[in-house]
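Let's look together at how the chains of this protein meet. Have the sequence and the 3D view ready as you read.

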There are 6 protein chains.
Amino acid sequence: MKFHRVLAVGAHTDDVELGCGGLLSRLHREGAALHVAVFSRAEQSLPDGAPVDELEKEFRASMAVLGCDDVYVGTVPVRNFDANRQHVLDELITLKRAFAPDLVLTMNSADTHQDHAVVHQESLRAFRGVSLLGYELPWNQRHSANDLFVELTEADLETKVAMLEAYRTQADLGRPYVRPDVIRAAAVFRGAQGRLPLAEMYEVIAEIWRA
Amino acid sequence: MKFHRVLAVGAHTDDVELGCGGLLSRLHREGAALHVAVFSRAEQSLPDGAPVDELEKEFRASMAVLGCDDVYVGTVPVRNFDANRQHVLDELITLKRAFAPDLVLTMNSADTHQDHAVVHQESLRAFRGVSLLGYELPWNQRHSANDLFVELTEADLETKVAMLEAYRTQADLGRPYVRPDVIRAAAVFRGAQGRLPLAEMYEVIAEIWRA
Amino acid sequence: MKFHRVLAVGAHTDDVELGCGGLLSRLHREGAALHVAVFSRAEQSLPDGAPVDELEKEFRASMAVLGCDDVYVGTVPVRNFDANRQHVLDELITLKRAFAPDLVLTMNSADTHQDHAVVHQESLRAFRGVSLLGYELPWNQRHSANDLFVELTEADLETKVAMLEAYRTQADLGRPYVRPDVIRAAAVFRGAQGRLPLAEMYEVIAEIWRA
Amino acid sequence: MKFHRVLAVGAHTDDVELGCGGLLSRLHREGAALHVAVFSRAEQSLPDGAPVDELEKEFRASMAVLGCDDVYVGTVPVRNFDANRQHVLDELITLKRAFAPDLVLTMNSADTHQDHAVVHQESLRAFRGVSLLGYELPWNQRHSANDLFVELTEADLETKVAMLEAYRTQADLGRPYVRPDVIRAAAVFRGAQGRLPLAEMYEVIAEIWRA
Amino acid sequence: MKFHRVLAVGAHTDDVELGCGGLLSRLHREGAALHVAVFSRAEQSLPDGAPVDELEKEFRASMAVLGCDDVYVGTVPVRNFDANRQHVLDELITLKRAFAPDLVLTMNSADTHQDHAVVHQESLRAFRGVSLLGYELPWNQRHSANDLFVELTEADLETKVAMLEAYRTQADLGRPYVRPDVIRAAAVFRGAQGRLPLAEMYEVIAEIWRA
Amino acid sequence: MKFHRVLAVGAHTDDVELGCGGLLSRLHREGAALHVAVFSRAEQSLPDGAPVDELEKEFRASMAVLGCDDVYVGTVPVRNFDANRQHVLDELITLKRAFAPDLVLTMNSADTHQDHAVVHQESLRAFRGVSLLGYELPWNQRHSANDLFVELTEADLETKVAMLEAYRTQADLGRPYVRPDVIRAAAVFRGAQGRLPLAEMYEVIAEIWRA
């Protein structure tokens, strides 16, 4: 697969790293231009007393680990995406026009989180005519479609772990999914499923093979 | 997308051309090695009095139009694939080992024809670890998943039409789906759906992106 | 099938013609009373400088081609149907009581357009106890259920094409789906699938056969 | 709905009455020609010591209650339909040609009984181009699609109960589903669901509305 | 099954009794602590002239029949739950923390009523990590998953009927689903399906078996 | 959850351990009587030169680790289960009558392996009226339903690993899924998904809660 311009979108800081951090590392290694956009800095997910822009800082530190300096952080309040649905759509259309991606990574059709569902739905609407994959956040899904397995190298997995280590606030809150052993377990599990040493798994929402 | 070795499998002569003739033309243009395997020469689908190997001859003529000389024609009787399920699986495994494809095109999970269902099921079992797409034969499907749109050039469509013109026995029997206007209508319809001038549509059964 | 009072509903002008123009032509020929309701005159889908009621005029011209003078045009803004969900439902309930349809044609459960999804959902709620079919707008669907094939005559298809020729603004904007060759291709494709010369395809949302 | 020639098929004696006895009564009242075909006289479902043709006699008595004298009883052994799949298909094709139905009632796509699944699958293959409904046998289904509700009159329900009272062997074996109160409960339940006093519920497998 | 603390949630007064009144009776008999929460007293569903709190009174009378005095009645307007989505979620999270249920009964994923869909979606989000079952309101569902059958005793069914007899306003409005014969028919139908004398049927949304 | 008699069935030796080894360990700890039945000793899955009963010996060693001495090993040839479908069903019915389980663990509805599909289908038919869960073999599934999460203790996971260490022939053949790190990764991944430290995940095929 050769992609030149890849856009990854998520609802909140850390969604993108959790869902497709390994693939982003691989695409970066392979020379693709990356743009990462999240719509909320998730102020409500902070420990008491933390500065309101703490998660935005952690996200920017994580992107520095990846080597991506082309990022967007929006200001939609957590759990309020549905009231801002049209704003999310307008921003996605702006991103599509400005960045002209040949691949978009977005939230899964089976993700039950209210904000994630909005990003998924609006991605369907914004990115017609572009290949569109859905990354998984397994703790939010009642079912999963095992469409596409992306092989990761050990270095890709290490980059994913290092990106998530930037989220100290979430580790302090005891979120299991940012723990290195959980991230590695997911890569080993999806790898065994796809007959690969290490992998991430994706839903194929739409693919377009232009002539 | 870059594929180097592409295997297309079908139950009967003419399945492969109808389902993925345009993509095969495109892949051939782009330099991929092709292997086309069908399991039955469909003697029961001939007009009265036709030689029993007539459809095999038409298939070979069709493959000559495509420019593919690497073909396999099996001898499973029409509508008897389920009694020969293990034979079909063994042959698919042999093909996989001999040809080492990086992409396999096979029958759709929604195809209700009894022989097609066998080829689909056994493909799932034989081609673990290889990217696997399902082509559509719309008159056999109660539903369809619009996963992947492959853009065709006008030349690809003309090659597909020409391949199917080799099946004079089927045209004589009045089968609508080998008619040039029906083949073109499908490409225009799937193209409009995928925001492309002309297209074929595929189910993504499994994709593997090796590192 | 004998229906006496048929209500077709759509989000925007031209949805109904694209989805079920052929069936409406057939029902009109067969003597059914028709009512066509759309909720938005889609001002945002106009070329720059066009009068704001241009699409409403085109819709009325299209309905004149059909021979239906019983129409409703609402004023919900494009892409804002979800904020007006209850208004749409109330209007549908009013239509149901006033027109007493024995068949309702509405948007498909698989249509991903945000406004179309609202019309579909509210139709489910408004039309309990009435037969309800979903027409297809294929470029908005990730999958389709091929439940019901309606045979069209050549005259029905020509009426459908002529209705859509009333939408000069959309043709000028290069929308492929109003092109006569695309409309005909869809009818030929769905016809071949249903073993008919020409057809439209519908999702059966609910059917009621009263004693 | 107007149907003139209706074919009902089932795996075993009593399947058809249980699944669509009420609709058959209604169609008979409305003047349709009926043909009822079952593929097995279910010798293994008899009490010890009963004559091997007892269920066939009960079936014929049941059909006499309905007023249908155009029946077919096959000899496929219970739970052995898959080994006789091609025979079932051939018989269905013969029935289609001989009777030329405009509506076929068959087993549901969600029925998990091994013999029922064969009759369903082969019906899909045999009856392309004909409207095809799936009746429910709820104790065999893990899920159900509530597509179509057929209103029954009190007389239709009484005919259904009377048909099933012909199956004294099954009542003696304590099968709950032939009990009048269970049959009535199903009609009341499906009626309340469809906003009708009494109903049967059907899956729409395929509908064709010919011009 | 042993549950100690069971929370049942519904959109409107009478939803919970209709969907899971029999299971609540059984759990109460077996000694579980029950909490029942509904978000709307459904003022718009009253006959003209009835006091605005009439349905709340009927709900409380129904709960007295059950023997549950731990109830919550919210004030969300009927058909306006989507505008109050976040409020519903916040209340569910409060209930979860205060009551600490080991089983939650909520609305089904297939329920098409706009308010019911909100309660279902927000339950998914609020009750991660707790066993969660969806009860059925069959007249609102296009399909059903027959996952779990709960056997009821005759006494449980009588309690369910008696609870619903408290809703005199709904009986006066002619709602069929509060009629004793309809409630009994549902229990007999689901019982026959589950090979039980009387039953309620549930969707398994999520189950957690803690060590 | 309290179960007293639990039957686990699989197609081949090692299926049961891989799919539900942790839950069997937990149930054994909790005092349930266990019966484990597999239909094939999988002679074709052995390294060249291995004794034909080697996998049966490994299975019995594995069961000794679990502490279960009530086992059944059938003689159906690998990949030939469909020709022996009725035999599998008859054996399952015999097991049901002899062991009278209140819980059955069987293969998943989404498992694409030809033999596994037979065991799943026949389990549906044999175990009506009994609670039935489907365990996962992730490398055989195109999708998964995340219905039920079973918490495992560290000791349960260690027992599962130890059971699979009995399969030295499979480790020698390099099968990744018997590797301790892969087994642990699956338990950590499913645990994080279910908000538990360690877990196995199950499909709920049917549950019955008897009064």
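How many residues does the contact take from chain A and from chain B? The answer is 25 residues from chain A and 25 residues from chain B. Keep in mind that this is a predicted model.

| Feature between chain A and chain B | Value |
|---|---|
| Buried area | about 2400 Å² |
| Share of the buried area on carbon and sulfur atoms | 62% |
| Salt bridges found by the rule | zero |
| Residue pairs in polar contact (both at pLDDT 80 or more) | 14 residue pairs |

Which parts of chain A touch chain B? Helix H1 (15-29), strand S7 (148-151) and strand S8 (199-209) of chain A each supply at least two residues of that side. The largest share, six residues, comes from S8(A). Sorted by class, the side of chain A that touches chain B has 15 nonpolar, three polar and seven charged residues.

Three bridges join S8(A) to strand S7 (residues 148-151) of chain B, and the two strands run parallel. To find one of these places in the view, look for A:Ile208, whose bridge partner in S7(B) is B:Phe149.

Now turn to another pair of chains.

Conventions: Residues numbered from 1 in each chain as written. Chains lettered and ligands numbered in written order. Predicted model: local features only at pLDDT ≥ 70, side-chain atom pairs only at ≥ 80, totals over all residues. Heavy atoms only, no water. Contact = heavy atoms within 4.5 Å. Buried area = accessible area lost by both parts, 1.4 Å probe. Salt bridge = Lys/Arg side-chain N within 4 Å of Asp/Glu carboxyl O. Polar contact = N/O pair within 3.5 Å; in protein donor to acceptor, adjacent residues only side chain to side chain. Helix = DSSP H or I, 4+ residues; strand = E, 2+ residues; numbered from the N terminus. Nonpolar A, V, L, I, M, F, W, Y, C, P; charged D, E, K, R; others polar. Pairing = 2+ DSSP bridges.
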